[in-house]
Amino acid sequence: MRFGKEFVSKMIPEWQEAYIDYSYLKTILLQDIQTSRNISVSNSQMKTSFARNLTRRYNHDSSVSESHDIVVNTVEEPEITYEMAFLKAGEPGGDSEVVFFRTLDQEFNKVNTFYRTEVEKARNEALALNKQMDALIAFRHRVMEKKHSLSDSVSVDINEIGSSSKSKEHTNQSALERIRMNKTPETPLSTIKTILKVHKHEEELRFTRENLKKAEELLQIAFIEFYQKLGHLKNYSFLNTSAISKIMKKYDKVTARNVSRQYMEMVDISYLSSSDEVHKLMLRTESTFIEHFSSSNRSQGKNLLRPKANKERHRITFSTGFFFGCSISLIIALVLIIHARNIMGTPGQRTYMETMFPLYRFFGFVVLHVIMYAANIYFWKIYRVNYSFIFGFKRGIELGYRHVLLLSFGLGTVSLCAVLLNLDMEMDSQTKDFKTFTELIPLFLLALVIAVTLCPFNILYRSSRFFFLTALFRCMAAPFYTVNLPDFFLADQLTSQVQALRSLEFYICYYGFGDFRQRERNTCRSNDLFTTFYFIVAVIPYWLRLLQCIRRIIEEKDQTHGYNAIKYLLTIVAACLRTAYTLNRGTSWNITAWVFSGAATLYATYWDIVVDWGLLQRGCKNSFLRDKLLVPHKTVYYAAMILNVLLRLVWLQTVLDLKVSFLHRETLVALMACLEILRRGIWNFFRLENEHLNNVGKFRAFRTVPLPFNYQEDRDQDN
C-alpha cells in the first residue's frame, strides 16, 4: 500500500482536518515544482557548450552551500511557530518551492498546535481521573471497613508518584467529606419527580457494595476511553511526523537538493515529536488500571485497555453466501410453483392474499430494512463515516455489513421456507377447513424471531441485540429519557415500518379471535377495537418522535426541535386522514387527506434535504449541496434528492385509490411500503454522513463518559 493511502486509512476520521494535507503538498511537488524544473532542464540543453561549462562551474560552487538552501526561524509569540526561509527562490521553479515551504509551514504549525492543545486536554483529564481514583480508593476502604475487612490499598496518582502512603491515606479519607455520588442513570420515575419538582435533600454518601460496584464500573470505562484517546494522540504524532518525512524525501528527490535532514531536525525538536507527555500518561494509566481494576493481572489489564479488532471470519462470509443462495433458490421455487399450479387463478387466492399474505409480508419488510442497513454500513465504511462512534457501539463488537446480511438472509430463508410449506399444505387440502398446525406456521415463525431477539444467552450477537432492545425501550418511553442519537434514529426507522406494525396488529386479531381456522377476516374488519388500533398503530412511531422532540426542546432550549415537532404533528394528522379515507371513503375525506398530506410532504421533504442532510446550502462551492462532501460524485447527491422527493409521494396511491389489474390491493400496499423502506435506507446514509461531518468540524472523536463522584469544589464552581 502506498503511503498516501495508508496515511488516509489510519487517520482518525473526526480529526482529518487537523492532519498534514499530504495529498496537496504532493500535488504542489509533482505538478508545479517538477514541471518547472523539467522546463528549465529542457531549456538548458539548448545552450552552448560555453554556457554549459559556466553552469557546471556555478553548480559546483553552489554544492558547497547546498545545506543552506533553507533557514529555520522560530517565532515564540503568541505561541511557538516555525517558518522556513527558502534561499534559492531565484532559481528556475523557485516560486513553486516558496509556495511549497509556505504551505508546509502552515500545515506543520497547524498540526503542532493541535497536538499541544489535545495533550493539554489529556493532562487536565488525567487530573480529574486522579481525583476520582482518590475518591474510589477511599470509598473502597470505607466499604471494606464496614465489612470488617481492612484494605491496605493506597492511592496511585497517574500524574505524581512518590508521596508517602500515610499522607495519601489521609488525603483519601478527607476526600470522602467533599464528594457525593453522581446521579444514577435516568429512569421514568426520576424524570417524573424532576417534572413535579419532588427533590429530596442531598443524601449522605452511602458506603454500600452496590454503590462501590457502580463507581468501579463507571471509572473503569472512563479509564479505558482515556487510554484509547492517548493511543490516538500517539498515533496522530507518529503519522504526521512520518508524512513530513515522506514529503521531504520526495522533495529532495525531485529538486536534487538535500534539505530534508535540516527540516527534520527542526521537526524532531518540536513539541509534536519531542514531547513524551502522552507516553508517560499511558504508562501511568496502565499501572493504575492494572493495579485497581484487574487485580494486578497485567495481561488482563492490557487486554481491557487496548481496543479489540473486529475479526472478519470466513465462516461468516460462507454462511452469508449460503443463505443468500438459499433465499434466491426459494424465491425461484415459489414463482415456479405458483405458475405451475396456477395458484393465482384459484378461488382461494383472494382469501389467501387477505389473510396469509399480511402475516408473511411482515418478515419481508424486516428483511428488506435489514438489508438496507447492511448496505448503509458498507458505504459508511467505504467513505469513512465513523458510524460505530456516532451510535455509541462498543469497540470491537459492532456488527459489520456481513454480519447484518447474515441475519437478513437467514431470516429470509426461514420465512420463505415457511411460505412454501404453508402454500404446499394449503394446496394439498381437499376440504375448506384448514389444519390448525398449518395455519399456525406464521405465528410459530413470529414467536421464533421474538424468542431469538429476547434470548438472554450469549449467542447470535447478544450485545447488539441488547443495544437494540435498550434503544427500543427508550423509544417507547420517549418523554422519560434524555434523547440520544440512537433513540431518535431508531424511532425514525419505525416511521417507515407502519405497515409492518399493522401486520403485527393483524397477528393479534387473526389468531386472537380464532379466524385462522377458516381463514376469515370478517371478525377483524367488523371489530371496532381493531379499527381504532388501525389508526393508533399508524400514528405510534410519529407520536414517539413528537415526544422526543418535545423532550429535546425542554432540555436543549433549541427551537429547531420545535420545528421538527411540527413536522411530525402534520404527519400524524395526514396519516390519520389517509387511514380514515381508506376505511370510509368520501369526497370530504379525500380533499382533507390531500391538503394535509401535501403540506406534510413538502415540510418533511424540505427537512430531509436541508436539515437532516445539510444540502441546498447557499454560497457553497458545490452548487445546491454543501462545501464538504464524502462521496466524490456530485450526481449521487442530486439523484438522492430527486429520489427522496419521488418516494415521499407514495401516499398518492392511497388518496388517488390507484389500482393495478394484475396486482391484489394487499400486494400494492406492500410494494408502496417497500418503496418507503428504500427511501429510509437512502436517508440513513446521508443523515449519518451529515452527523459525521458535524463531528469532524468540532473535532469530536471521543465520547463523554460520566464519572461516578462529584466534588464539592466542582459543584460550587458549576453553581
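In the predicted model, Lys110 forms a salt bridge with Glu107, and the closest N and O atoms of the two side chains are 2.8 Å apart. Because Lys110 and Glu107 stand 3 residues apart in helix H4, about one helical turn separates them. The two partners fall into separate classes of accessibility: Lys110, at 29% relative accessibility, counts as partly exposed, whereas Glu107, at 12%, counts as buried.

Helix H4 also holds the pair Glu120 and Arg123, which lie 3 residues apart, or about one turn of the helix. These residues form a salt bridge in which the closest N and O atoms are 2.2 Å apart. Glu120 is partly exposed, with a relative accessible area of 36%, and Arg123 is likewise partly exposed, with a relative accessible area of 22%.

A further salt bridge is formed between Asp608 and Arg648, with the closest N and O atoms 2.7 Å apart. This pair links distant parts of the chain, since Asp608 belongs to helix H24 (residues 587–612) while Arg648 sits in the loop between helix H25 (634–647) and helix H26 (652–655), 40 residues apart. Asp608 and Arg648 are both buried, and salt bridges with shared partners join them to Glu676 and Arg679 in one network. Over the whole structure, a search finds 24 salt bridges.

With regard to overall architecture, the protein contains 28 helices and 4 strands, and 45% of its 719 residues are buried. Among contacts between residues at least 6 apart in sequence, 76% join residues that are at least 24 apart. The accessible surface of the protein comes to about 38,900 Å², and carbon and sulfur atoms account for 59% of that area.

The largest nonpolar core comprises 68 residues, and those with the most contacts inside it are Phe7, Trp15, Phe100, Tyr236, Met248 and Tyr263. At least two residues of this core are supplied by each of helix H1 (3–9), helix H2 (22–44), helix H4 (94–146), helix H7 (209–255), helix H8 (260–269), helix H9 (271–274), helix H10 (277–293) and strand E4 (709–711). Of these elements, H7 gives the most to the core, with 18 residues. Helix H4, which carries the Lys110 and Glu107 pair, is thus among the contributors to this core as well. When neighbours within four places in sequence are left aside, Phe7 is in contact with Tyr19, Ile20, Tyr22, Leu239, Asn240 and Ala243.

Conventions
Residues are numbered from 1 along each chain as its sequence is written. This is a predicted model: local features need pLDDT of at least 70, side-chain atom pairs count only at pLDDT 80 or more; totals for chains, interfaces and linings use all residues. Side-chain values use heavy atoms; hydrogens and water are left out. A nonpolar core is a set of buried Ala, Val, Leu, Ile, Met, Phe, Trp, Tyr and Cys residues joined through side-chain atoms within 4.5 Å. Buried means under 20% relative accessible area, exposed over 50%, partly exposed in between (1.4 Å probe, protein chains only). Contact means heavy atoms within 4.5 Å. Accessible areas come from the Shrake-Rupley method with a 1.4 Å probe; for residues, only the protein chains shown count as cover. A salt bridge is a side-chain nitrogen of Lys or Arg within 4 Å of a carboxyl oxygen of Asp or Glu.
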